[in-house]
Amino acid sequence: MTETLAHGCLTKMAVEPGAPARYTLRAGDDRLPLDSLLGEPLRLAWSGAIACTNCGRATRKSFGQGHCYPCFKRLARCDTCIMKPELCHYFQGTCREPEWGESHCFQPHIVYLANASGLKVGITRATQVPTRWLDQGAVQALPILEVDSRQQSGFVEMLFKGEVSDRTNWRAMLKGETPELDLAAERDRLFAQLASGLDALRERFGESTIRPVEAAPRTFTYPVLEYPTKVVSHNFDKRAEVAGRLMGIKGQYLMLDSGVINLRKFTGYEIVVSHGVS
Ligand SMILES: [Zn+2]
């Protein structure tokens with residue numbers, strides 16, 4: 001007996017902070033709140049179709065998390081400078097979409113410390129807080145600096161990367177073995193260690209462009225019945241049907257008793273989500 005719960009092309013799950021965080025799976029126009037499905041048998045079946053999240057065209061392969069190849073080559077959001085903001089080329093007049101850049105990159109950005117699998121540094125647009133942290137599966141986060149643009153945040157992050165990782169170990173994050181950190185103490189330590197580097201950036205971009213943020217550390221909890229001891233991941237490209245009991249949700253991962261799946265990775269994939277076993 002199976003019952004269809006949602007059908008359409010995946011976009012990343014919506015998530016709101018709470019105790020625990022509340023997730024909603026999004027497939028096409030369908031919205032499926034997942035909290036009541038914890039512990040239940042689920043089946044996700046990919047039809048074989050992928051639609052570009054930007055233009056809607058069918059694409060055989062997904063580029064840059066859910067784009068067709070032409071959009072991937074054309075959109076500013078798919079450019080290298082999004083992942084490496086220090087490579088921003090707006091001022092050379094070569095931004096792929098200058099207006100998009102102005103409304104997304106030339107906006108206040110936050111440099112933060114987070115703990116998803118240990119201490120890391122990251123950057124995000126101020127409006128993406130706290131979604132960004134929940135999407136990473138962070139259990140703690142602390143904004144430490146605010147800057148005027150994405151490019152500036154990239155230079156600050158480069159400086160911090162000398163001392164702190166900018167990566168999450170997703171397997172460790174999914175095992176839930178994350179010792180608690182004193183993020184305020186880590187911030188103070190890093191500010192002291194990197195003082196001359198921060199001064200140099202302020203000299204370059206203007207004294208008021210890199211501002212300390214006064215904020216309290218945030219903590220996040222996730223709906224998880226049981227963490228996996230061994231992390232096995234599902235992949236629609238290898239097997240179109242994924243089934244198992246929903247044991248938890250963290251970051252953009254569904255944790256099934258048969259393995260985990262990163263739904264964000266399959267943005268644009270047309271899937272049917274059903275309840276029960278076939
Ligand atoms: Zn497209």
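Where is proline 20 found?

A: Proline 20 is found in the loop between β1 and β2 (22-27). Bear in mind that this is a predicted model. The peptide bond leading from alanine 19 into proline 20 is cis, with omega near 0 degrees. As background, most peptide bonds are trans.

Now for the strands on either side of that loop. β1 and β2 belong to an open sheet of eight strands, ordered β3-β2-β1-β13-β4-β10-β11-β12, with antiparallel pairing. At the edges sit β3 (30-33) and β12 (259-262), each of which pairs on one side only. From one strand to the next, the twist averages 45 degrees.

β1 covers residues 3-16, and six bridges link it in the antiparallel sense to β13 (residues 269-275). If you want a pair to click on, cysteine 9 has glutamate 270 of β13 as its bridge partner.

Next, look at aspartate 30, which sits in strand β3. Aspartate 30 touches Ala6, His7 and Gly8, leaving aside residues up to four places away in sequence. Aspartate 30 is also 8.5 Å from leucine 5, C-alpha to C-alpha, though the two are 25 residues apart in sequence. With 15 other C-beta atoms within 10 Å, aspartate 30 counts as partly exposed.

Two other loops have backbone details to check. Proline 130, in the loop between β6 and α4 (131-136), is joined to valine 129 by a cis peptide bond with omega of about 5 degrees. Glutamine 65 lies in the loop between β4 (41-50) and α1 (69-74), and its phi is positive, about 55 degrees, although it is not a glycine. Most residues other than glycine have a negative phi. Like aspartate 30, glutamine 65 is partly exposed, in this case with 16 other C-beta atoms within 10 Å.

Moving on to strand β7: six of its eight residues (140-147) are buried, so the strand is largely enclosed by the rest of the structure. Its partners all run antiparallel to it: β5 (residues 109-115) through seven bridges, β8 (residues 210-212) through three, and β9 (residues 218-219) through two. You can find these pairings by looking for histidine 109 opposite valine 147, leucine 145 opposite proline 212, and alanine 141 opposite arginine 218.

β7 is also part of what covers the buried residues of helix α5, along with β5, β6 (119-125), α7 (183-193), α8 (195-205) and β8. α5 spans residues 150-161, and its 12 residues reach 16 Å from first C-alpha to last, close to the 16 Å expected at 1.5 Å a residue. The buried residues of α5 include Arg150, Glu157 and Phe160.

Finally, see how α5 meets α8. Their axes are 10 Å apart and the packing angle is about 160 degrees, so the two helices are roughly antiparallel to each other. The crossing is right-handed. On the α5 side, Gln152, Phe155, Val156 and Leu159 make the contact, and on the α8 side it is Gly197, Leu198, Leu201 and Phe205.

Notes: Residues numbered from 1 in each chain as written. Predicted model: local features only at pLDDT ≥ 70, side-chain atom pairs only at ≥ 80, totals over all residues. Buried ≥ 20, exposed ≤ 12 C-beta atoms within 10 Å, placed from the backbone. Helix = DSSP H or I, 4+ residues; strand = E, 2+ residues; numbered from the N terminus. Pairing = 2+ DSSP bridges. Axes fitted to C-alpha atoms, helices over the stretch in contact; angles between N-to-C directions. Expected span 1.5 Å × (residues − 1). Contact = placed C-beta atoms within 7 Å. Parallel < 35°, antiparallel > 145°, perpendicular 65-115°, else oblique. Left-handed = near helix turned anticlockwise from the far one by under 90°.
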